[in-house]
Amino acid sequence: MEKFILNSPFKPSGDQPEAINSLVEGVNEKKEHQVLLGVTGSGKTFTVANVIEKLNRPALIISHNKTLASQLFSELKEFFPNNRVEYFVSYFDYYKPEAYIPKSDLYIEKTSKNNKKLEAMRMSAINALSIRHDTIVVASVAAIYGEYNPVEYRANFFPIEVGMNIDRKDLLIKLTQIGYSRNKIELNRGEFDAKGDVIEIAPGYTNDYNIRIETFDKQIESIFQIDPLTKEILENKKSLTIFPATTYTVKQDHMKNIIEGIKIELEERIEYFKKENKLLEAQRIKDRTLNDIDSIEEFGYTNGIENYARYIDGREPGQRPYTIFDYLPDDAVIFIDESHLMIPQLNGMYNGDRARKVSLVDYGFRLPSALDNRPLRFQEFEKFHFPKIYLSATPGDYELDKTYGEVVTQYIRPTGLLDPIIEIRTKRNQIEDIFDAIKNQISKNERTLILTTTKKNAEELSLYFQEKKIKCAYIHDKFKIFERNEILKGLRMGKFDVVIGINLLREGIDLPEVSLICVLNADSPGLMRDTRSLIQIVGRASRNDHGKVIFYADEITTSMQEAMDDNKRKRTLQEEYNLKNKITPKTIIKPIAPPIEGSILYSDPSTWNRSEELTSVKHNKKFVNSLIYKMKQAAKDKKFEEAIEIRDYLLEIGVNLDE
């Protein structure tokens, strides 16, 4: 059995050793629920890595957004270079779900753009869980959405080995049966080509290599992993498992049963609509479903095939969908990161999904079986009795109830950094006070975060500081993830001195350059100024050795007092530890890592001819017009990330796009 081997120059320190031992003992004692209450910057990921190594058990780590998931994935890849660390998130770059709005009689067809790399990584994750014990999967909320029946999926695995007796024709037929198509011109993922005795396959589950099989006299003579571009041999293999090209690979004999089941349900639904005198709905469901059936019979696929997942999976009506949890080995351990956010997210996904689909079913756009293409209900998630470890600086009531209030604490940071100082200042003249503080920050080449309570405040304050010649940006919930990441990256790099936001700046942001956080209306009642939120806000300034948080308020609320008491308790413990161990706190120096998929740039900047100075570039009409054309073309092709990046560059060089 493969073993997890942690690769790190550091050893657990502070209260990490005690936390690691407590969590390992808890799992070995068969505790189903444990909480790790760790402050920001205390090295929770390093603790998790040590727990995984000591337990030597497969792990699933669930994070509440793609940004944090990619950060965790990158860190764990470094910790476990010789083991399988996989990434499992939604594979959509762009997704607008199918919907029907009865009030306005508006049908919205599903539009989406799949990210082939993310799709391959998802498949790689379930493949690794199927064949390797030493596997860690980092996932987003996509973990509770439907996956293909693991029994059927694994039945399509195609193991080959040197010396295997198989006719070339049978080999090609087998590849077709597990979802591969032949392409004689240029291989894309999920395709193969055969020239004489040489077969080249572009696996659907990896971008790292192609597979070349050489046959002779009805026997496999050699197997190579080769570079997809240069065709250079990367590795000579004695044996290899070829995984299906897609998770929705359906056997031909199973296809008849699927179509038969859909037809029976269609007849029942048409009859139901006729009895209810809903003739329009009856005709609509008939036309749409028969079109889907024709497509499935001819191509083995139809747009929206996931709505027939119940038939493809062989599930009974109402039976829960298969998910990545069904691929986990029996001895797996689940870690739930930022659990105070992740648990409510897991709890709420089902209701939102069902509300949208009920209208589609009621008005004849989908069969009732489409309701079974859904995320897990929270109660179904709870029935997976893997050991669960909840990670948070502010655990929620659910986690605390499950552990009867018992938590494993991790307050001491290996860096010796203390929780930041909290100051309270009056709201009177608060903007002028913040402006003076920002100027002081700029003189030290340090960054500032400002938290408002409304989007309007964030936008207006951003404009105010920009007029004062402060490099400033704002973020709110309408921003896409890549926009948000670029702004925060710009803050770290010095493109901005200040970023203003609402609640988006609370969790999962690693900004060591930020030494000051200003909280406007800290005494306002509401969710974003409750105790947990304020503790999370304070934690954002804990990466700096002189971090400070200013609460602007005219009174001290219960939430403020509890946050300050929590801060004082942690600082006392941290100071005592530092004094005892002669540790001098030092600001974290952390490189600015590229996103998981490489640069955030979706187009090659070298093709933009950006070598000219900004002041002169905007006067080059030919260059500007070419960029505007590329921007519009990217938007037309639904390459929205590229279009927005070009737009931002045009605005940066002073081009007025409203002209």
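This is a predicted model: local features need pLDDT of at least 70, side-chain atom pairs count only at pLDDT 80 or more; totals for chains, interfaces and linings use all residues.
At what angle do helix α13 (residues 430–443) and α14 pack, and how far apart are their axes?

**View A. Packing of helices α13 and α14.** The angle between α13 and α14 is about 55 degrees, and their axes lie 12 Å apart. The crossing in which α13 passes α14 is right-handed.

View B. Helix α14 spans residues 455–467, and K469 is placed in the loop between α14 and β22 (472–474). Although K469 is not a glycine, its phi is positive, at about 65 degrees. The relative accessible area of K469 is 74%, and the residue is therefore exposed, the cut-off for that class being over 50%.

**View C. Loop residue Y404.** The loop between α12 (397–402) and β19 (408–410) holds Y404. Its backbone has a phi near 55 degrees, which is a positive value in a residue other than glycine. With a relative accessible area of 78%, Y404 is exposed.

**View D. The largest cavity and its lining.** Three cavities of 30 Å³ or more are found when the whole structure is searched. The volume of the largest cavity is about 90 Å³. Its lining comprises 13 residues, and those nearest the centre are D419, I535, G539, D566 and K570. Two elements, α16 (531–539) and α17 (558–581), each give two or more residues to this lining. Sorted by class, the lining has five nonpolar, four polar and four charged residues.

**View E. Packing of helices α16 and α17.** The crossing of α16 and α17 is right-handed.

**View F. Packing of helices α1 and α2.** Helix α1 covers residues 16–28 and helix α2 covers residues 44–55; they pack at an angle of about 45 degrees, and 9 Å separates their axes. At this angle α1 is oblique to α2. The two helices, α1 and α2, form a right-handed crossing.

View G. Strand β15 (residues 233–237) includes L234. L234 counts as partly exposed because its relative accessibility is 48%, and that class lies between the limits of 20% and 50%. In sequence, L234 and Y209 are 25 residues apart, while their C-alpha atoms are 8.0 Å apart in space.

View H. Helix α8 (residues 279–299) contains I293. The relative accessible area of I293 is 3%, so the residue is buried, a class that requires a value under 20%. Along the chain, I293 and I262 are 31 residues apart, and a distance of 8.0 Å separates their C-alpha atoms.

How values were computed. Residues are numbered from 1 along each chain as its sequence is written. Side-chain values use heavy atoms; hydrogens and water are left out. On a 1 Å grid over the protein atoms alone, a cavity is a set of points where a 1.4 Å probe fits but cannot get out, and a pocket is an open set with protein on both sides within 12 Å along at least five of seven lines; lining residues have an atom within 4 Å of a point. Grid points are joined across faces, edges and corners, and a volume is the space filled by probe spheres set on the points. Helices (H or I, at least four residues) and strands (E, at least two) are DSSP runs, numbered from the N terminus. Ala, Val, Leu, Ile, Met, Phe, Trp, Tyr, Cys and Pro count as nonpolar, Asp, Glu, Lys and Arg as charged, and the others, Gly among them, as polar. Buried means under 20% relative accessible area, exposed over 50%, partly exposed in between (1.4 Å probe, protein chains only). A crossing is left-handed if the near helix is turned anticlockwise from the far one by less than a right angle, and right-handed if clockwise. Axes are lines fitted to C-alpha atoms, for helices over the stretch in contact, and angles run from 0 to 180 degrees between N-to-C directions. Angles under 35 degrees count as roughly parallel, over 145 as roughly antiparallel, 65 to 115 as roughly perpendicular and the rest as oblique.
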